[in-house]
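Hi,

Here is the structure I promised to pass on.

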Amino acid sequence: MARSTKMLYHPCMQAIVARVHENLFQGDIVSMTAPTTAGQITVLTNHEPLVATLQPGVLTVITKEGEQKFDVQSGVLETSHNQITVLL
């Protein structure tokens with residue numbers, strides 16, 4: 001029997017990407033990749049709680065519809081209980 005390699009989408013995480021007085025993104029995501037001072041990280045479902053300082057680079061948000069990219073100069077990423085908050 002052949003195995004399917006098709007990836008199924010499960011909206012498992014909620015994310016917010018914001019600047020002061022501006023909400024850049026809010027919604028269900030599949031994953032998020034961020035440039036941190038400890039190196040590039042990718043956050044997936046059920047990630048360990050984490051607070052990380054962001055460094056210049058690109059923040060990539062993967063959703064059911066595709067991907068969105070945000071330029072980062074600095075900021076903070078916090079994740080816990082399948083929720084991610086990024087303040088740029």
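**What I found**

The protein has 9 strands and 0 helices, where strands (E, at least two residues) and helices (H or I, at least four) are DSSP runs numbered from the N terminus. Along the sequence that reads as β-β-β-β-β-β-β-β-β.

Before you go further: this is a predicted model, in which local features need pLDDT of at least 70 and side-chain atom pairs count only at pLDDT 80 or more, while totals for chains, interfaces and linings use all residues. Residues are numbered from 1 along each chain as its sequence is written, and side-chain values use heavy atoms, with hydrogens and water left out.

**Overall numbers**

Of the 88 residues, 32% are buried; buried means under 20% relative accessible area, exposed over 50%, and partly exposed in between (1.4 Å probe, protein chains only). The accessible surface is about 6,000 Å², with 52% of that belonging to carbon and sulfur atoms (Shrake-Rupley method, 1.4 Å probe; for residues, only the protein chains shown count as cover). Taking contacts (heavy atoms within 4.5 Å) between residues at least 6 apart in sequence, 44% join residues at least 24 apart.

Beyond its neighbours within four places in sequence, Met32 contacts Ala15, Val17, Ile41, Thr42, Val43, Leu59, Thr60, Val61, Leu77, Ile84 and Val86.

**Ile16**

Ile16 sits in strand β1 (residues 13-19) and is partly exposed, at 31% relative accessible area. Not counting residues up to four places away in sequence, Ile16 touches Asn23, Phe25, Gln26, Ile84, Thr85 and Val86. Its C-alpha atom is 9.2 Å from that of Asp28, 12 residues apart along the chain.

**The salt bridge**

How many salt bridges does the structure hold? The count is 1, using a side-chain nitrogen of Lys or Arg within 4 Å of a carboxyl oxygen of Asp or Glu. Lys69 and Glu67 form it through their side chains (3.5 Å, N to O). Lys69 is exposed, with a relative accessible area of 51%, and Glu67 is partly exposed at 48%.

Cheers
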